[in-house]
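Here are my notes for your first look at this model. Keep the structure open and follow the points in order.

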Amino acid sequence: MSREAADFHARVRIAVRDRHLQAALASATSRLADARLHALESLPSADALRDHARRIRAHTIGALDTYLEEFARRAADHGARVHWARTSADATRLVVEIARAAGARLAVKSKSMVSEEIALNEALEAAGVRVVETDLGEFIVQLAGDRPSHIIVPVVHRTSADVAALFRAKLGARDEDVADIPMMTAFARRTLRREFLRADIGISGANFAVAETGSVTVVTNEGNGRLSTTAPRVHVALVGIERIVPTAEDLGVMLQLLARSATGQKLSVYTNIITGPRRPAGGAEGPSDGGEPDGPDELHIVLVDNGRSRILAGPSAEILYCIRCGACLNGCPVYRTIGGHAYGGVYPGPIGSVFAPARSEAAHPSPLPHASSLCGACREVCPVRIDIPSLLLTLRAQPAMVRSAPRWLRVGMAGYAFVATRPWLYRLAARLARAYTRRRSKDGWLTRLPGPLSAWTAHRDFPALASRSFTEIWAARRPR
Amino acid sequence: MMADARGHVLADVRRALRGARLPEAALSHPGSFGGCPEAPAPGDAVLIARFGAELEALCGAMHLVSSIADAARAAVEIVERHEARRVLAWSERWLGCPGLLATLEQAGVQVTAIDLGADAAIRRVQLEDIEPVVVGVTGAEAGLADTGSLVLVSGPGRSRLASLLPPVHIAVLSQARVFPTLPAFLAARPGVMAEGSNLVLVTGPSRTADIEMTLTHGVHGPREVHVIVVP
């Protein structure tokens with residue numbers, strides 16, 4: 001077993017034994033999945049809309065170069081400064097340079113998957129800029145020195161008692177500040193308000209970037225996405241290059257699906273669409289135009305590739321249609337059992353099992369494509385109908401992946417192929433296997449298979465084979 | 001080097017696109033979504049009722065009034081209930097409720113307009129000054145009936161912070177501007193997205209369920225959203 005696989009298995013073992021995590025996962029994922037179902041029912045022609053959304057995503061990714069150029073041109077027309085980053089090192093360097101030029105010592109950050117992907121906080125801290133996460137869940141994760149475990153609910157793995165203890169220890173909260181969840185939330189509001197008002201720069205991700213208008217869209221429920229992009233003088237938006245939608249109308253289509261799929265809301269509370277920095281005086285309304293009264297004076301948009309063009313060239317390109325709603329996590333029986341941390345990366349769940357290995361340059365193949373029962377729940381709930389099970393199978397069949405399989409498995413599969421392509425041998429082997437499993441089973445089940453096959457029965461039982469095979473029954477019934 | 005980075009990324013994308021495996025990727029844009037059912041025209045009573053029901057399901061409040069004078073009275077009542085001595089407000093011209101600010105001032109409420117300076121230090125002082133204000137008063141570009149959302153567009157006299165910083169947000173919305181859906185609004189107002197530097201859809205009060213999936217209002221944005229719908 002590779003080191004990566006061994007580490008993954010170790011994390012899984014920890015997760016499945018964590019009874020609190022198991023209870024939290026079961027409750028959160030089933031509530032989110034139910035809410036999603038209910039919300040989609042409220043949408044007229046939801047299925048047709050999903051088909052349409054898929055066509056928009058497919059078309060956009062297929063013409064990504066054209067749309068990226070259009071987006072960058074329009075954004076610049078509205079006064080945004082557009083930067084391009086090929087790698088995570090390029091992206092962090094760009095943001096550090098922007099922060100330095102702004103003389104920034106404090107950055108407030110709205111939740112951004114790309115920033116986690118490129119380890120932006122660490123780079124900024126190293127450059128002397130304090131970074132404060134402002135999404136309540138991410139704030140808790142940051143205080144605890146933890147990692148998010150869900151795309152939408154980052155601290156699904158923590159209890160309110162954990163959070164109370166954390167606020168006491170790290171922020172000096174008093175008993176009345178952490179008496180219940182609303183009090184803790186109010187305490188976090190007061191704490192983070194001070195940071196918002198003092199911050200030199202605000203950093204956000206982008207759920208979508210609209211080519212037609214050069215706008216970036218930041219969707220939040222708490223309002224931290226609005227504050228981070230309004231209060232500080234400088235706003236930096238990190239945009240994965242696949243986040244593009246062609247038109248405002250297309251954005252409307254995606255927004256109708258995003259929140260419904262993510263949390264079961266019809267829309268998130270704040271859908272914040274940003275087109276350039278605040279407009280200066282003497283603008284559209286002539287000399288009497290005093291300019292916009294607030295908003296950032298500078299908007300920097302960093303377009304981040306960081307392996308996305310590698311995914312586009314590879315067999316899993318369809319994963320770039322993803323709109324990061326997290327529905328596939330809530331639907332996945334594997335995610336629901338092992339939680340986000342076990343996946344060991346920024347993107348957990350079925351999306352992560354495709355996105356992370358497809359983006360990676362690592363010599364060792366990732367164990368994640370095997371972390372799926374291929375039941376198809378992820379494909380079922382995906383708002384843009386990404387065929388995740390097929391993508392996982394494709395990744396499993398990559399030569400490096402096959403080479404990394406354990407020796408017993410490769411030898412075993414070769415042996416199986418030898419037997420299965422020789423009918424007489426197959427019949428003989430099947431008869432032996434039937435006899436063996438029937439003799440060793442209890443109430444029709446085996447609790448332990450012999451040799452290396454015992455790995456399979458470590459976590460589940462194996463059914464005894466039927467006393468007669470289908471071919472035997474068929475032969476007996478066939479009229480002569 | 002900057003120009004280089006752009007060229008590199010675009011070249012990488014173009015190289016990848018040759019022979020990329022993208023199911024259902026048509027060369028031409030798929031066009032508009034044709035599956036929308038017929039909807040009432042903006043301002044229809046059915047839409048106002050739906051807007052109110054959706055907003056109230058999210059713990060927001062709709063106040064349907066029959067005159068501008070009633071709207072001003074409703075706003076003053078909310079401000080007084082919160083014992084607010086000061087409000088952050090859009091300029092009169094954009095409120096859609098002539099006389100509202102004068103009525104507030106007559107009730108002894110100080111009306112503050114925001115105008116942040118370009119200097120970082122001055123900006124910080126200004127933000128600290130307006131932070132304690134309890135009520136923000138704005139107009140609205142539109143309402144969306146099927147989601148209970150407000151559409152707010154930034155511009156001169158229309159600050160973003162008035163609907164964001166104070167814990168209570170009062171918005172004045174004209175009946176005629178209540179659209180059935182977001183797509184209907186975008187179709188009726190092409191170009192609206194880039195009219196200001198910010199267009200925000202506000203769908204109820206600020207909320208979170210990050211701690212134990214427990215719904216809590218008023219995290220970073222307002223915990224109360226009042227929409228006064230005027231004729």
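What percentage of the 231 residues of chain B count as buried?

1. **Chain B on its own.** The answer is 53%. Keep in mind that this is a predicted model. Chain B holds seven helices and 12 strands. Its C-alpha trace spans about 70 × 50 × 40 Å along the principal axes. Now look at the contacts in chain B between residues at least 6 apart in sequence: 74% of them join residues at least 24 apart.

2. **The interface in numbers.** Turn to where the two chains meet. On one side there are 90 residues of chain B, in contact with 108 residues of chain A. Together the chains bury about 8,400 Å². Carbon and sulfur atoms carry 58% of that area.

3. **Charged and polar links.** The rule finds 59 residue pairs in polar contact across the interface of chain B and chain A. It also finds 10 salt bridges there. You can check one salt bridge by eye: the side chains of Arg14(B) and Asp65(A) meet at 2.9 Å, N to O.

4. **Who supplies the chain B side.** Several elements of chain B each give at least two residues to the side that touches chain A. Among the helices are α1 (2-17), α2 (45-57) and α6 (120-130). The strands β9 (198-202) and β10 (207-208) are also on the list. The most comes from α1(B), with 11 residues. By type, this side of chain B divides into 44 nonpolar, 26 polar and 20 charged residues.

5. Which strand of chain A is joined to β9(B)? Strand β9 of chain A, residues 270-274, is the partner. The two run antiparallel, and five bridges join them. Within this pairing, Thr271(A) stands opposite Leu201(B). Likewise, Tyr270(A) stands opposite Val202(B).

6. **The whole sheet.** Zoom out from that pair. The sheet is open, has eight strands and shows mixed pairing. Its order is β8(A)-β5(A)-β6(A)-β9(A)-β9(B)-β6(B)-β5(B)-β8(B). The edge strands are β8 (244-245) of chain A and β8 (178-179) of chain B, and each pairs on one side only.

7. Find Ser154(B) in the loop between β6 (149-153) and β7 (168-174) of chain B. Is Ser154(B) buried or exposed? It counts as buried, because its relative accessible area is 7%, and the cut-off for buried is under 20%. Its side chain makes a polar contact of 2.9 Å with the side chain of Glu292(A). Leaving out residues up to four places away in sequence, Ser154(B) touches Glu292(A) along with Arg160(B), Gly196(B), Ser197(B) and Asn198(B).

8. **Thr92(A), a second residue.** Thr92(A) is found in helix α5 (residues 88-101) of chain A. With a relative accessible area of 12%, Thr92(A) is buried. Its side chain reaches the backbone oxygen of Ala89(A) at 3.1 Å. Beyond residues up to four places away in sequence, Thr92(A) touches Ile118(A), Ala119(A), Leu120(A) and Ala123(A). For a sense of distance, take Ile274(A), which lies 182 residues from Thr92(A) along the chain. Their C-alpha atoms are separated by 22 Å.

Terms used: Residues are numbered from 1 along each chain as its sequence is written. Chains are lettered from A and ligands numbered from 1 in the order in which they are written. This is a predicted model: local features need pLDDT of at least 70, side-chain atom pairs count only at pLDDT 80 or more; totals for chains, interfaces and linings use all residues. Side-chain values use heavy atoms; hydrogens and water are left out. Contact means heavy atoms within 4.5 Å. Buried area is the accessible area (1.4 Å probe) that two parts lose on being put together, summed over both. A salt bridge is a side-chain nitrogen of Lys or Arg within 4 Å of a carboxyl oxygen of Asp or Glu. A polar contact is a pair of N or O atoms within 3.5 Å; within protein, one must be able to donate a hydrogen and the other to accept it, and residues adjacent in sequence count only if both atoms are side-chain atoms. Helices (H or I, at least four residues) and strands (E, at least two) are DSSP runs, numbered from the N terminus. Ala, Val, Leu, Ile, Met, Phe, Trp, Tyr, Cys and Pro count as nonpolar, Asp, Glu, Lys and Arg as charged, and the others, Gly among them, as polar. Two strands pair if DSSP finds at least two bridges between them. Buried means under 20% relative accessible area, exposed over 50%, partly exposed in between (1.4 Å probe, protein chains only).
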